[in-house]
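The sequence and the structure come first.

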Amino acid sequence: KERDQKLLLEFSGVFQVAEVYWNGELLKVHKGGYTPFVVELTGKAEAENDLVVCVNNLWNGRIAPRAGEHQFNGGIYRDVRLIVSSKSCIDWHGTFIYTKELLEETGKQGMSAVLGAETTVLLEEKKTGKAVLCTRLLDGERILAEEERPLKTADRQTVKQRFEVEGIHPWSPETPVLYQMVSEVLVDGKVQDSFFTGFGIRTATFDPEQGFFLNGKHYDILGANVHQDHAGWADAVTHAGIYRDVRLIKECGMNFIRGSHYPHHMVFAQACDREGILF
């Protein structure tokens with residue numbers, strides 16, 4: 001069954017040059033130890049398969065980091081996932097939702113906001129049915145907004161949407177309220193793929209004279225640098241260890257983390273959102 005579906009092999013981090021071979025064929029060369037990447041396996045799966053990943057962590061002056069206090073640990077040190085979906089689906093990291101405008105309070109029920117969403121959809125080339133993107137914004141089980149958009153027969157397309165929501169509470173370190181966007185691709189009324197995106201509703205601006213503003217109000221930032229390595233684990237830290245670090249920073253009375261000096265694990269960003277830390 002999986003041979004007829006879309007297959008992606010996702011690496012969250014490999015330090016620092018990775019060559020991925022599938023059944024003897026070189027499918028991917030990725031350079032850079034901190035950025036995630038995927039390998040397309042669609043149409044290549046057999047009943048039995050050989051996967052070989054060759055990793056090289058020799059110093060390379062053309063690939064960051066080049067010097068300093070960085071540890072040049074080698075290997076597959078972050079999560080690896082096999083993503084299985086319909087060929088008509090939400091693209092990898094294909095959802096983006098942001099706050100366009102945060103409005104005044106609408107009574108005890110909270111505030112209102114204008115949100116923008118961009119969703120990249122892949123449609124199977126030979127599909128001839130009616131395809132739509134259904135997007136729902138949820139506060140628990142409560143539907144904040146919902147919209148269906150027809151999809152073209154193109155292979156790849158990005159749908160832009162605008163939502164007005166009421167009764168929301170803006171995200172801040174003091175009140176890290178999160179909502180959820182559910183994105184569904186339907187063909188002839190049948191759901192082909194569903195993707196869930198957690199998000200906070202917030203605005204952030206910097207003023208050269210007055211400083212930082214969160215949700216329209218002046219906000220003092222107090223924080224620290226955080227590297228990804230742990231004693232005894234090197235860079236291969238666990239999800240629980242990531243959440244522990246974020247909570248420790250929060251318990252110290254801080255509200256901000258600077259990720260030093262590279263893209264951190266996606267789980268680190270999620271932990272900051274959930275625990276209430278600007279990142």
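**Pockets and their linings**

S9 and strand S18 (217-218) each supply at least two residues of the lining of the second largest pocket. The model is predicted, so local features need pLDDT of at least 70 and side-chain atom pairs count only at pLDDT 80 or more, while totals for chains, interfaces and linings use all residues. Residues are numbered from 1 along each chain as its sequence is written, and side-chain values use heavy atoms, with hydrogens and water left out.

Second largest pocket

- About 400 Å³ of space lies in this pocket; a volume is the space filled by probe spheres set on grid points, which are joined across faces, edges and corners.
- On a 1 Å grid over the protein atoms alone, a pocket is an open set of points with protein on both sides within 12 Å along at least five of seven lines, a cavity is a set of points where a 1.4 Å probe fits but cannot get out, and lining residues have an atom within 4 Å of a point.
- Its lining has 20 residues, and those nearest the centre are Leu102, Met111, Pro170, Asn215 and Lys217.
- S9 gives the most to the lining of the second largest pocket, namely six residues.
- The lining of the second largest pocket has seven nonpolar, seven polar and six charged residues; Ala, Val, Leu, Ile, Met, Phe, Trp, Tyr, Cys and Pro count as nonpolar, Asp, Glu, Lys and Arg as charged, and the others, Gly among them, as polar.

Largest pocket

- The volume of the largest pocket is about 1,500 Å³.
- It is lined by 48 residues, of which His93, Thr197, Gly198, Met266 and Gln270 are the closest to its centre.
- Elements that give two or more residues to this lining include strand S1 (6-11), strand S8 (80-85), strand S15 (190-199) and helix H2 (266-275).
- S9 gives the most here, with eight residues.
- By class, the lining of the largest pocket holds 28 nonpolar, eleven polar and nine charged residues.

Cavity

- The structure holds one cavity of 30 Å³ or more, and the largest cavity has a volume of about 30 Å³.
- Ser12, Pro36, Arg78, His264, His265 and Met266 line the largest cavity; by class they are two nonpolar, three polar and one charged.

Chain and sheet

- The protein chain has two helices and 20 strands; helices (H or I, at least four residues) and strands (E, at least two) are DSSP runs, numbered from the N terminus.
- Its C-alpha atoms fill a box of roughly 60 × 55 × 30 Å along the principal axes.
- Of the 279 residues, 42% count as buried, where buried means under 20% relative accessible area, exposed over 50% and partly exposed in between (1.4 Å probe, protein chains only).
- Three strands in the order S4-S3-S6 form an open sheet with antiparallel pairing; two strands pair if DSSP finds at least two bridges between them.
- Strand S4 (25-31) and strand S6 (51-56) are the edge strands, each pairing on one side only.
- Strand S3 (residues 17-22) pairs with S4 in the antiparallel sense over six bridges, and Val20 has Lys28 in S4 as its bridge partner.

Cysteines

- The whole structure has zero disulfides, a disulfide being a pair of cysteine sulfur atoms within 2.5 Å.
- The sulfur of Cys252 is too far for a bond, because the closest cysteine sulfur, in Cys272, is 14 Å away.
- Cys252 counts as exposed at 57% relative accessibility, whereas Cys54 counts as partly exposed at 34%.
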